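Student: Could you take me on a close look at a single part of this structure, please?

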Amino acid sequence: MFNIRGMRGLLTSSIGVTCAAALTLPPAVLNVPSAVAAPAERTTTTTLRGSTQSLPLTPRTRERVLGQAPEQGVYSADVRPFSLVGVVWDNPGTALDGRVQVRTRSTATGQWSGWQDVETHNADHGADPGTAEAASGRVHGATAPLWVGDSNGVDVRVRAGERDGDGVDADADDASGPAGGPPVVGRDLLPAGLRLELVDPGDDTPPYDEPADGPRTNTEDDASAAVNADLTDVDTTEIPALSREDTERELSELNDTDALLARPYIGPRPKIVTRRGWGADESLRERGFVYTGKIKAAFVHHTASGNGYKCSQAPSVIRSIYRYHVVSMGWRDIGYNFLVDKCGTIYEGRAGGVAKAVRGAHTLGFNNNSMGIAVIGTYGSHKPSAAAVTAVAKLTAWKLGLFGANPKGKTYLKSGGGNLYPKGKNVRLNVISGHRDGYATECPGAKLYAKLGSARTSSAHLQGR
């Protein structure tokens, strides 16, 4: 039976202040281990779940071959279990011009994987220039994260100046970065402070259970859940789906004729797994929430974390990306507003309320008045599932409908600065756009980008257009 909870205040909000392919490649001709790992430079963990091990990269011990670019790496067959990897460095304004490859040892089989490329160009994500999040002093440069599954051994190598998965030419002479993007440090140099991040997402025990050493404060857990109180119970793990009629009835609880007339089209609300549902440790993120005025557009992404996950593992993948974004990269919260797995399940991303205009860190230069939806996986050469594309359509039909946006329409967003559009330029974009429409990037992958037309049509149909 439908339970009307009221939507008063749903659309009111205060004005507040990655994505490319990760492909498995054959081992290089010179396949020797990196230097043995030094003790972890930094280890962060909680009594709730998960941990991050940080291993500094060091110069390779082998003798440099004539004409070969510098290389750093780390090898360790004795680390705590982890499931996701990434490489970070000190200066977020510096690009890693080169190639990052990793192989890992499975905890289940004891076998080492082949070498996999980790996408180095991840600057297309992040908070807009000039925002408090971007200027916090905690942000680091970083590769995209790569999901490797349960592992307990790792070998990584970083080589400057080689051709990487994004097509960077190792022999090019131009050492400048892309227009509006971070400068590279030189064809024969690597960024300072390179370190390998090994992320353990923890088990599936809800983070709001009391730890063995006694009770803890649930203030942040409660705050994160309370912003969805108009839609469901505070302690729920999912926001239930509604029919279109019940969704409209819920909106009518506003008793605001002008608002209803301005938003005559809205799709049925889909089921959304809450942060509590996927096990977010709310003590990791910054306190409070940041909002913009409205939602005018949705940017579709892929996570570039690989496709080798089961749908039952999606919460673990999300917890890992969340921890990588916050602990390793220094963001205030996970960058995406929503995530979708290949079975079509929708997950709440950045905290602040699924029906509100929460500012994310998903499309550099266009985080204001937009939302970011990331399909978990890598979709450069791999087709997204029909379920995932359908979920994107359902989510946008509902969320864009709350703000009166037509999924098949166009809108204008003001650029906050990037490598396609200068800061302050009003840019005409599709209401449902791909990441590459706002920033020069491969994201959301060619195969997913090709499905956006279908998603727009389906989303508009669900709105009754």
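**The disulfide and the sheet around it**

Tutor: Searching the whole structure turns up one disulfide, meaning a pair of cysteine sulfur atoms within 2.5 Å. This is a predicted model, where local features need pLDDT of at least 70, side-chain atom pairs count only at pLDDT 80 or more, and totals for chains, interfaces and linings use all residues. Residues are numbered from 1 along each chain as its sequence is written, and side-chain values use heavy atoms, leaving out hydrogens and water.

The disulfide links Cys311 and Cys343, with 2.0 Å from S to S. The link of Cys311 and Cys343 is right-handed, with 90° about the S-S bond. Cys311 sits in the loop between β13 and α5 (314-328), and Cys343 in the loop between β14 (338-340) and β15 (346-348), so the pair ties together parts 32 residues apart in sequence. Here helices (H or I, at least four residues) and strands (E, at least two) are DSSP runs, numbered from the N terminus. Cys343 counts as partly exposed because its relative accessibility is 47%; buried is under 20% relative accessible area, exposed over 50%, and partly exposed in between (1.4 Å probe, protein chains only).

Now for the strands. β13, β14 and β15 are among the seven strands of an open sheet with mixed pairing, in the order β11-β12-β15-β14-β16-β13-β19; two strands pair if DSSP finds at least two bridges between them. The edge strands, β11 (238-239) and β19 (432-434), each pair on one side only. β11 pairs with β12 (residues 272-273) in the antiparallel sense, over two bridges, and Ile239 stands opposite Ile272 in β12.
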